[in-house]
Amino acid sequence: MMSAEQWFEDYASAVYSYILMQVRNRHTAEELTQETFVKVVEKAHQFDGRAAVKTWIFRIAYTTTLNYYRKKHPLTHYLDKDFQLFGSQPSSEETAVLNAQEADFYEALRRLKKSQQQVILLRHIQGFSTKDTASILGNTEGKVKMSLKRALDAFKKELEKGGMSHETIYRR
């Protein structure tokens with residue numbers, strides 16, 4: 001069995017980018033990544049090998065980020081209205097890093113329901129399989145497939161509303 005230190009070395013940057021795409025703030029993403037790996041170390045003895053290590057770690061990252069939003073915006077989380085998975089607007093420094101097309105891409109993603117954002121982030125941006133995505137989200141594979149199809153349809157509509165063409169979307 002690999003050590004938690006090795007897991008950190010192997011997966012910290014992927015976890016950080018996954019969280020950063022949600023919170024859009026480097027400092028918060030760093031804190032949540034650290035919190036995720038503190039939990040990984042604390043729970044390492046509970047890892048049973050039923051899922052891949054990366055899937056298990058992303059499940060922890062997913063719940064850590066979800067809990068952050070529950071604490072930060074408890075009312076909007078429970079009412080599920082205007083729940084912004086991506087938090088506040090990026091700083092001017094972060095905006096400069098994103099080019100206009102990426103900004104449009106993430107803005108369109110942000111306008112989707114949080115469940116749709118998660119399935120797109122995990123399947124298409126992080127590259128998890130349907131099975132692993134289901135495991136991370138605590139859903140069935142059938143629900144992930146159905147959610148992904150709906151999410152991609154909604155995402156495409158949001159991108160087109162923002163003026164991105166079908167060709168632009170698939171060049172990525």
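The model is predicted. The chain holds 10 helices and 0 strands. Of its 172 residues, 41% are buried. The largest nonpolar core has 43 residues, and α1 gives the largest share of that core, 10 residues.

**Overall fold**

- In sequence order the pattern reads α-α-α-α-α-α-α-α-α-α.
- Among contacts with a separation of 6 or more, 64% join residues 24 or more positions apart.
- The chain exposes about 9800 Å². Carbon and sulfur atoms supply 52% of that area.

- In soluble globular proteins, nonpolar side chains tend to be buried together.
- Two or more core residues come from each of α1 (4-23), α2 (26-43), α3 (53-72), α6 (100-110), α7 (114-125), α8 (130-137) and α9 (141-161).
- The largest share, 10 residues, belongs to α1.

**α1 against α2**

- Two packed helices are described by the angle between their axes and the distance between the axes.
- The axes of α1 and α2 come within 8 Å and cross at roughly 140°.
- On the α1 side, the contact uses Ala 4, Trp 7, Phe 8, Tyr 11, Ala 12, Val 15, Tyr 16, Ile 19, Leu 20 and Val 23.
- On the α2 side, the contact uses Arg 26, Thr 28, Ala 29, Glu 30, Leu 32, Thr 33, Thr 36, Phe 37, Val 40 and Val 41.

**The loop between α1 and α2, and residues of α2**

- Arg 24 sits in the loop between α1 and α2.
- Arg 24 is not a glycine, yet its phi is positive, about 55°. Most residues other than glycine have a negative phi.
- Arg 24 has a relative accessible area of 13%, so it is buried, the limit being under 20%.
- Arg 26 belongs to helix α2. Its relative accessibility is 29%, so Arg 26 counts as partly exposed.
- Arg 26 and Tyr 16 are 10 residues apart along the chain. Their C-alpha atoms are separated by 8.8 Å.
- Glu 35 also lies in helix α2. Its relative accessibility is 31%, so Glu 35 counts as partly exposed.
- Glu 35 and Ala 61 are 26 residues apart in sequence. C-alpha to C-alpha, they are 8.5 Å apart in space.

**α7 and its buried run**

- Gln 116, Gln 117, Gln 118, Val 119, Ile 120, Leu 121 and Leu 122 of α7 are buried.
- Gln 116 is in helix α7. Its relative accessibility is 12%, so Gln 116 counts as buried.
- Leaving aside neighbours within four places in sequence, Gln 116 is in contact with Arg 150, Ala 151 and Ala 154.
- Gly 127 follows α7 and has a positive phi, near 75°.

**α7 against α9**

- The axes of α7 and α9 come within 9 Å and cross at roughly 100°. The angle falls between 65 and 115 degrees, so α7 is roughly perpendicular to α9.
- From α7, the residues involved are Gln 116, Val 119, Ile 120, Arg 123 and His 124.
- From α9, they are Val 144, Ser 147, Leu 148, Arg 150, Ala 151, Leu 152, Ala 154 and Phe 155.

**α7 against α8**

- The axes of α7 and α8 come within 10 Å and cross at roughly 135°. That makes α7 oblique to α8.
- The crossing of α7 and α8 is right-handed.
- Gln 118, Val 119, Leu 122 and Arg 123 of α7 make the contact with Thr 130, Thr 133, Ile 136 and Leu 137 of α8.

Key. Residues are numbered from 1 along each chain as its sequence is written. This is a predicted model: local features need pLDDT of at least 70, side-chain atom pairs count only at pLDDT 80 or more; totals for chains, interfaces and linings use all residues. Side-chain values use heavy atoms; hydrogens and water are left out. Helices (H or I, at least four residues) and strands (E, at least two) are DSSP runs, numbered from the N terminus. Buried means under 20% relative accessible area, exposed over 50%, partly exposed in between (1.4 Å probe, protein chains only). Contact means heavy atoms within 4.5 Å. Accessible areas come from the Shrake-Rupley method with a 1.4 Å probe; for residues, only the protein chains shown count as cover. A nonpolar core is a set of buried Ala, Val, Leu, Ile, Met, Phe, Trp, Tyr and Cys residues joined through side-chain atoms within 4.5 Å. Axes are lines fitted to C-alpha atoms, for helices over the stretch in contact, and angles run from 0 to 180 degrees between N-to-C directions. Angles under 35 degrees count as roughly parallel, over 145 as roughly antiparallel, 65 to 115 as roughly perpendicular and the rest as oblique. A crossing is left-handed if the near helix is turned anticlockwise from the far one by less than a right angle, and right-handed if clockwise.
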